Amino acid sequence: MEERTHCQEASDLAEYKLWDMRKKIDRLEKIEKVLAEMVDQCHAQQGDITCPLIATLHDGIRGTGDHKG
């Protein structure tokens with residue numbers, strides 16, 4: 001009976017790790033999508049226009065409330 005208990009504990013831990021990994025992958029995919037869009041915007045810019053990457057990063061810093069812009 002003890003072996004079955006250990007097996008269930010291992011299964012529960014593996015299920016949690018799988019859920020956690022899928023959650024991290026989902027967050028990384030969202031970050032990847034935003035970065036890809038930013039790079040595309042950067043490549044589409046022509047002339048003497050503010051860099052969208054720098055503007056986005058700057059807006060992000062101002063939006064956190066941690067820094068004053």
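Q: A helix is a DSSP run of H or I with at least four residues, numbered from the N terminus. How far apart are K24 and D20 in helix α1?
A: In this predicted model, K24 and D20 are four residues apart in helix α1, which means that about one helical turn separates them.

Q: What makes the contact of K24 with D20 a salt bridge?
A: The closest N and O atoms of K24 and D20 are 3.2 Å apart. A salt bridge needs a Lys or Arg side-chain nitrogen within 4 Å of an Asp or Glu carboxyl oxygen, so the contact qualifies.

Q: Does that make K24 buried, partly exposed or exposed, and what is the value behind the word?
A: K24 is at 43% relative accessibility.

Q: How many salt bridges does a search of the whole structure find?
A: The search finds two salt bridges. The other pairing to look at is K30 with D26, whose side chains meet at 3.3 Å, N to O. That distance is within 4 Å, so it passes the cut-off.

Q: Where do K30 and D26 lie relative to each other in helix α1?
A: K30 and D26 are four residues apart in helix α1, so about one helical turn lies between them. K30 has a relative accessible area of 53%, which is over 50%, so K30 is exposed. D26 is at 36% and counts as partly exposed.

Q: Why is the pair of Y16 and W19 called tilted?
A: A search of the whole structure finds one aromatic pair. The ring centres of Y16 and W19 are 5.7 Å apart and their planes stand at 35°. The centres lie within 6.5 Å, so the rings pair. Stacked planes are under 30 degrees apart and edge-to-face planes over 60, so an angle of 35° leaves tilted.

Q: What separates Y16 and W19 in helix α1?
A: Helix α1 covers residues 2–44, and Y16 and W19 are three residues apart in it, so about one helical turn separates them.

Q: What makes L13, Y16 and W19 a nonpolar patch?
A: Patch residues have over 30% relative accessible area and no salt bridge, and their nonpolar side chains are joined within 5 Å. Y16 has 44% and W19 has 47%, so these two pass the area limit. Together with L13 they form the patch on the surface, with about 350 Å² of accessible area.

Q: How many disulfides does the structure hold?
A: The structure holds zero disulfides. As for cysteine exposure, C7 counts as exposed at 53% relative accessibility, while C42 is partly exposed with 26%.

Q: What is the C-alpha distance in space of Q41 and P52?
A: Q41 and P52 are 6.7 Å apart in space, C-alpha to C-alpha, and eleven residues apart in sequence. Q41 has its place in helix α1 and is partly exposed at 41% relative accessibility.

Q: How many helices and strands are in the protein chain, and what share of its residues is buried?
A: The chain has two helices and zero strands. Of its 69 residues, 4% are buried. The chain exposes about 6,500 Å², and carbon and sulfur atoms supply 57% of that area.

Key:
Residues are numbered from 1 along each chain as its sequence is written. This is a predicted model: local features need pLDDT of at least 70, side-chain atom pairs count only at pLDDT 80 or more; totals for chains, interfaces and linings use all residues. Side-chain values use heavy atoms; hydrogens and water are left out. Rings of Phe, Tyr and Trp (its six-membered ring) pair if their centres lie within 6.5 Å; planes under 30 degrees apart count as stacked, over 60 as edge-to-face and the rest as tilted. Buried means under 20% relative accessible area, exposed over 50%, partly exposed in between (1.4 Å probe, protein chains only). Patches are made of residues with over 30% relative accessible area and no salt bridge: like charges are joined within 9 Å, nonpolar side chains (Val, Leu, Ile, Met, Phe, Trp, Tyr) within 5 Å. Accessible areas come from the Shrake-Rupley method with a 1.4 Å probe; for residues, only the protein chains shown count as cover. A disulfide is a pair of cysteine sulfur atoms within 2.5 Å.
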